[in-house]
Amino acid sequence: FDDAQDRPFDGDLSELADAFAARFAPERTWSASRLETYRSCPFAFFVSHVLGLEPRTEPAEGLDARQLGNIYHHIFEGLYGRVTDPADLDALLAALPAAAGAVLDDAPRVEGFRATAWWTQTRAEIADNVRRSVEALAALPGGFVPLAQEAAFLDSDSLTVTDGDDAFRVRGYIDRVDRAPDGGLRIIDYKTGGPAAFTVKAVVEGKKLQLPLYALAAEQAMGLGPVVDGFYWHVQ
């Protein structure tokens with residue numbers, strides 16, 4: 001049609017400019033994950049976070065990726081909070097069964113999934129993955145000691161990122177912050193997926209923003225000290 005560009009449903013969103021400007025105003029606070037979505041694919045951001053559309057998924061038994069990730073995060077947070085000295089590996093391993101059990105016992109109800117016949121085996125695998133991670137992280141060089149778990153920078157404590165006259169605000173939770181003997185900090189972000197997408201190139205190109213944004217938050221928004229190290233930790 002010759003007049004295709006004048007029809008209201010062909011992608012011209014100029015009439016919504018004021019609505020978008022109000023919804024995504026400079027004072028809006030973002031999450032790192034939404035910024036990553038926008039950087040990777042603005043159209044995916046538009047569909048999911050502007051239009052609020054979700055893909056139709058087939059009903060499935062057991063855990064999905066989000067539920068599994070929540071379980072791991074809750075276990076790590078609860079485990080390090082149970083011990084007097086979070087650098088004491090023996091104490092951590094001794095506390096692990098109770099810490100994992102407390103989360104796993106309630107997981108089907110809290111996360112909203114139906115436990116299958118494999119749930120007993122899945123529970124054991126999750127606990128074993130946490131144990132192996134705790135041991136491996138404790139064996140890393142540098143003398144780092146766990147300082148904080150699920151450290152929050154929200155609301156008035158959110159991070160403001162500036163670039164010249166431009167600025168935006170970010171909120172979130174840092175999975176883990178460690179401190180070295182000289183005061184330097186290490187940021188750890190737990191991941192349940194594989195490491196293939198988490199490359200140096202992806203970070204440099206801005207496709208993976210969580211780690212650098214969390215480092216800025218620890219330094220600037222939370223005032224914990226200088227960040228000297230950081231990595232994504234793939235618990236599986």
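This report walks through the fold, the cores, the helix packing and a few single residues of a predicted model.

## Ground rules

Residues are numbered from 1 along each chain as its sequence is written. In this predicted model, local features need pLDDT of at least 70, side-chain atom pairs count only at pLDDT 80 or more, and totals for chains, interfaces and linings use all residues, while side-chain values use heavy atoms, with hydrogens and water left out.

## The overall fold

Let us start with the whole chain. The protein chain has eight helices and six strands, where helices (H or I, at least four residues) and strands (E, at least two) are DSSP runs numbered from the N terminus. Read along the sequence, their order is α-β-α-α-α-α-α-β-β-β-β-α-α-β. The C-alpha trace spans about 75 × 50 × 30 Å along its principal axes.

Of the 236 residues in the protein chain, 33% are buried; buried means under 20% relative accessible area, exposed over 50%, and partly exposed in between (1.4 Å probe, protein chains only). Among contacts between residues at least 6 apart in sequence, 68% join residues at least 24 apart, a contact being heavy atoms within 4.5 Å.

## Two nonpolar cores

A nonpolar core is a set of buried Ala, Val, Leu, Ile, Met, Phe, Trp, Tyr and Cys residues joined through side-chain atoms within 4.5 Å. The largest one holds 27 residues, and the members that touch the most others are Ile 71, Ile 75, Phe 76, Leu 79, Val 130 and Tyr 190. Two or more residues each come from α4 (65–82), α5 (89–111), α6 (119–138), β5 (185–191) and β6 (227–234). Helix α5 gives the largest share, eight residues. Apart from this core lies another, of 22 residues, with Ala 151, Phe 153, Leu 213 and Ala 217 among them. In soluble globular proteins, nonpolar side chains tend to be buried together.

Val 130 is found in helix α6 and is buried, with a relative accessible area of 0%. Leaving aside neighbours within four places in sequence, Val 130 contacts Tyr 72, Ile 75, Phe 76, Leu 79 and Leu 96. Val 130 and Ala 100 are 30 residues apart in sequence and 8.6 Å apart in space, C-alpha to C-alpha.

## Helix α4 and its partners

Helices α4 and α6 pack at about 50 degrees with their axes 11 Å apart; axes are lines fitted to C-alpha atoms, for helices over the stretch in contact, and angles run from 0 to 180 degrees between N-to-C directions. That makes α4 oblique to α6, since angles under 35 degrees count as roughly parallel, over 145 as roughly antiparallel, 65 to 115 as roughly perpendicular and the rest as oblique. The contact includes Ile 71, Ile 75 and Phe 76 of α4 and Ile 126 and Val 130 of α6. Its residues divide into eleven nonpolar, two polar and one charged (Ala, Val, Leu, Ile, Met, Phe, Trp, Tyr, Cys and Pro count as nonpolar, Asp, Glu, Lys and Arg as charged, and the others, Gly among them, as polar).

The axes of α4 and α5 come within 8 Å and cross at roughly 145 degrees. Among the residues in that contact are Ile 71, Ile 75 and Leu 79 of α4 and Leu 92, Leu 96 and Val 103 of α5. By class, this contact has 14 nonpolar, four polar and three charged residues.

## Helix α8 and its surroundings

The axes of α2 (residues 32–40) and α8 (residues 210–221) come within 10 Å and cross at roughly 140 degrees, which makes α2 oblique to α8. Ala 32, Leu 35 and Glu 36 of α2 meet Gln 210, Leu 213 and Tyr 214 of α8.

The buried residues of α8 are Gln 210, Leu 211, Leu 213, Tyr 214, Ala 215, Ala 217 and Ala 218. They pack against α2, β2 (145–153), β3 (159–163), β4 (166–179), β5 and β6. Just after α8, Gly 223 takes a positive phi of about 60 degrees.

Most residues other than glycine have a negative phi, and most peptide bonds are trans. Glu 150, although not a glycine, has a positive phi of about 50 degrees. Glu 150 sits in strand β2 and is buried, at 18% relative accessible area.

Asp 155, also not a glycine, has a positive phi of about 50 degrees. Asp 155 is found in the loop between β2 and β3 and counts as exposed, at 61% relative accessibility.
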